[in-house]
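Here is a short report for a reader who is meeting this protein for the first time. Please look over the structure before reading on.

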Amino acid sequence: KRIAVLASGRGSNFQAVIDGIASGFIPAVCVGLITDNPSAYAIERAKRAGVPVTVVDFREFRSKQEYEGALLDAMKGCEADLFVLAGYMRILGQQIVHVFSGRMMNIHPALLPAFSGLHAQRQALEYGVRVSGCTVHLVDEGMDTGPIVLQRCVPVLDGDDVETLSERILAEEHRALPEAVRLFCENRLSVEGRRIRIR
Ligand code: GRF
C-alpha cells in the first residue's frame, strides 16, 4: 500500500510510521509528507527517510477555500491508499473528508470520546480521570468523532503534570499508530456503521 502522512510539528508519530515501514512491520511505502508548517521538525525526518515533502502553508492563501483546494491537490498528487494524520493541527474541510472517506486515520492523545479537541492531556488531568490513553480513528466530518480503530490506555498518576502524562501517552501512540496502519495495509479493517471489525 501507499501511505501519506500529514503532520504539523515534531513528527514523532510520523517517525513511528517510517520506522514501522523500515522494519517490515507495516507492508507499505511512505509516498509523501504533507505539512502546513514550513518549520515542522517532521520535514527533517522526511528528508532523512527519503520521503517527498509538500508544504501547504495556510498563510500563503487568500482564503480557506483556496488553502483547501491546494491541500486537496497535494493529497490527490500522492496517489495514496491511506492518509495518516499524525499531529496535523488543522481541521480538514468537508470536501477532503468526503473525497478520502474511509482512508484517513487520525491519532488523538485521549480515550475518545472523552477529551476531544485541543489539549486532551490537560483536559484529562483537569477532569481527574485515573486512566487516559490514545485513540486511532478514521476521520469523518466531526472533530475526533470517526469510527475507532485502536485504543491504548495508560494510568494517570498522582503528581502527573501535562508533560509527564503526555510523555506516557506518547509512548503508547507510537505503538498504536503503526499497528493501526498495519491493519489497514493488510486489509484487515472493515467498517460496520460506527464499529470497526478487525480480522
Ligand atoms: C500527538 O500527541 C498526537 O496525538 C497529537 O499531536 C501530537 C503530535 O506529536 N494529535 P508528534 O508530532 O507526532 O510528535
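This is a predicted model: local features need pLDDT of at least 70, side-chain atom pairs count only at pLDDT 80 or more; totals for chains, interfaces and linings use all residues.

Residues are numbered from 1 along each chain as its sequence is written.

**Overall fold**

The protein has six helices and nine strands. Helices (H or I, at least four residues) and strands (E, at least two) are DSSP runs, numbered from the N terminus. An unreviewed UniProt entry annotates residues 1-181 as "domain: Formyl transferase N-terminal". Such annotations may be inferred rather than shown by experiment, and UniProt positions follow the numbering used here, with feature names shortened. Over residues 1-181 the chain is 38% helix and 22% strand. The end C-alpha atoms of that stretch are 10 Å apart.

The radius of gyration, taken over C-alpha atoms, is 16 Å, which agrees with the value near 16 Å for a compact globule of 199 residues. The globule rule is 2.2 Å times the number of residues to the power 0.38. Along the principal axes, the C-alpha atoms fill a box of roughly 45 × 40 × 35 Å.

Two residues are in contact if their C-beta atoms, placed from the backbone, lie within 7 Å. Among contacts between residues at least 6 apart in sequence, 66% join residues at least 24 apart.

**Around the ligand**

The ligand is surrounded by 13 residues. The closest are Arg10, Ser12, Asn13, Gly87 and Pro109. Three elements, α1 (12-22), β5 (104-108) and α6 (162-185), each supply at least two residues of this shell. The shell divides into five nonpolar, six polar and two charged residues. Here Ala, Val, Leu, Ile, Met, Phe, Trp, Tyr, Cys and Pro count as nonpolar, Asp, Glu, Lys and Arg as charged, and the others, Gly among them, as polar.

**The core**

Buried residues make up 38% of the 199 residues. A residue is buried if 20 or more other C-beta atoms lie within 10 Å of its own, exposed if 12 or fewer, and partly exposed in between. A nonpolar core is a set of buried Ala, Val, Leu, Ile, Met, Phe, Trp, Tyr and Cys residues joined through C-beta atoms within 7 Å. The largest such core has 54 residues, and Val5, Val17, Ala86 and Met105 have the most contacts inside it. Helix α6 gives the largest share of this core, eight residues.

**Single residues**

| Residue | C-beta neighbours inside 10 Å | Class |
|---|---|---|
| Glutamate 79 | 10 | exposed |
| Arginine 122 | 14 | partly exposed |
| Phenylalanine 115 | 23 | buried |

Most residues other than glycine have a negative phi, and most peptide bonds are trans. Glutamate 79 has a positive phi, near 50 degrees. Its place is the loop between α3 (64-78) and β4 (82-85). Phenylalanine 115 also has a positive phi, about 60 degrees. Phenylalanine 115 sits in the loop between β5 and α5. Proline 113 lies in the loop between β5 and α5. A cis peptide bond joins leucine 112 and proline 113, with omega about 10 degrees. Arginine 122 belongs to helix α5 (residues 120-127).

Conventions. A residue is near a molecule or strand if its C-beta atom, placed from the backbone, lies within 6 Å of it.
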